[in-house]
Amino acid sequence: MPVKNDHVRTRTAVLSILVIFLLSLSALLYIYFSFPKLDEEEKKYVKIPYDIEDAKSLGRVLDRYKDKYYFEVLLAIFVTYIFLQTFAIPGSIFMTILAGFLFPFPLALTLVCFCSAVGASLCYLVSYFAGRRLIYKYFPERAEHYSKMVQKHRDNIFNYVLFLRVTPFLPNWFINIAAPVINVPIWPFCIGTFLGVAPPSFVAIQAGQTLNQLSSTTSTFSWISVLILACLALLSLVPVFIKNRLKAKFD
């Protein structure tokens, strides 16, 4: 009977991942075929940006069509961003800068935070169905150890997720993949991601408004930006500190 149940769980996991992938691929294909016809010169620039020059070229192409095809351009950024986050593909930082270049600041920030939360949650599900099973199979003791640590601090998980998103200590893709393996609940993970990516995205979107002047991603971060992010990261842990002090006082 356990063998049969394990087979059912494996089949469910594979089907779930396949559904997520097919839905994501279908959304990308819809964007591609519904987008206005591009010149041959422009087509070579329509690709996922992996550096500032790619982002500049793509930004110039999309900016030409933004006024007439505003919804299509917005949807293209929306779907592509979620796709990158879902499958832990590099390029999100350049999509954030691109959003700042193309759209008003409030819309760009909301778009990036929402896409980050949705994409990270989908990546969480993919890791839950696939990565979790592999980790617990080959590294059960280590996975169990970190899972117990999460359980011990379960009441403060939201603040820890917020802290990790604000700071650059761990890559976002690693957090997305590792969270379900160590039993981080999905709702604090999702909401913490939405709020936590806002400060670093604020900096990148602001840089996107001067995209043509940027030469590299390091240009987007000044020492002032780093200090602001560090302060916000520490503030995210203040509630945890206060809660622990109060608990120690009244216990």
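**Exercise 1.** Is Y69 buried, partly exposed or exposed, and what is its relative accessible area?

*Solution.* The structure is a predicted model, in which local features need pLDDT of at least 70, side-chain atom pairs count only at pLDDT 80 or more, and totals for chains, interfaces and linings use all residues. Residues are numbered from 1 along each chain as its sequence is written, and side-chain values use heavy atoms, with hydrogens and water left out.

Step 1. Recall the classes: buried means under 20% relative accessible area, exposed means over 50%, and partly exposed lies in between (1.4 Å probe, protein chains only).
Step 2. The relative accessible area of Y69 is 25%, so Y69 is partly exposed.

**Exercise 2.** Determine how the rings of F35 and Y65 are arranged, and which parts of the protein they join.

*Solution.*
Step 1. A pair of aromatic rings is described by the distance of the centres and the angle of the planes. Rings of Phe, Tyr and Trp (its six-membered ring) pair if their centres lie within 6.5 Å; planes under 30 degrees apart count as stacked, over 60 as edge-to-face, and the rest as tilted.
Step 2. The whole structure holds ten aromatic pairs. In one of them, the ring centres of F35 and Y65 are 6.2 Å apart and the planes stand at 55 degrees, so this pair is tilted.
Step 3. Helices (H or I, at least four residues) are DSSP runs, numbered from the N terminus. Because F35 lies in the loop between helix 1 (2–34) and helix 2 (40–43), and Y65 in helix 3 (residues 52–66), the pair ties together parts that are 30 residues apart in sequence.
Step 4. F35 is buried at a relative accessible area of 16%, and Y65 is buried at 13%.
Step 5. Y65 also forms a tilted aromatic pair with Y69, with 6.4 Å from centre to centre and 45 degrees between the planes.

**Exercise 3.** Describe the protein as a whole, and then examine helix 9.

*Solution.*
Step 1. The protein contains twelve helices and zero strands (a strand being a DSSP run of E with at least two residues).
Step 2. Of the 251 residues in the protein, 40% are buried.
Step 3. In helix 9 (residues 172–181), the buried residues include I175, N176 and A179.
Step 4. Just after helix 9, N183 takes a positive phi of about 65 degrees.
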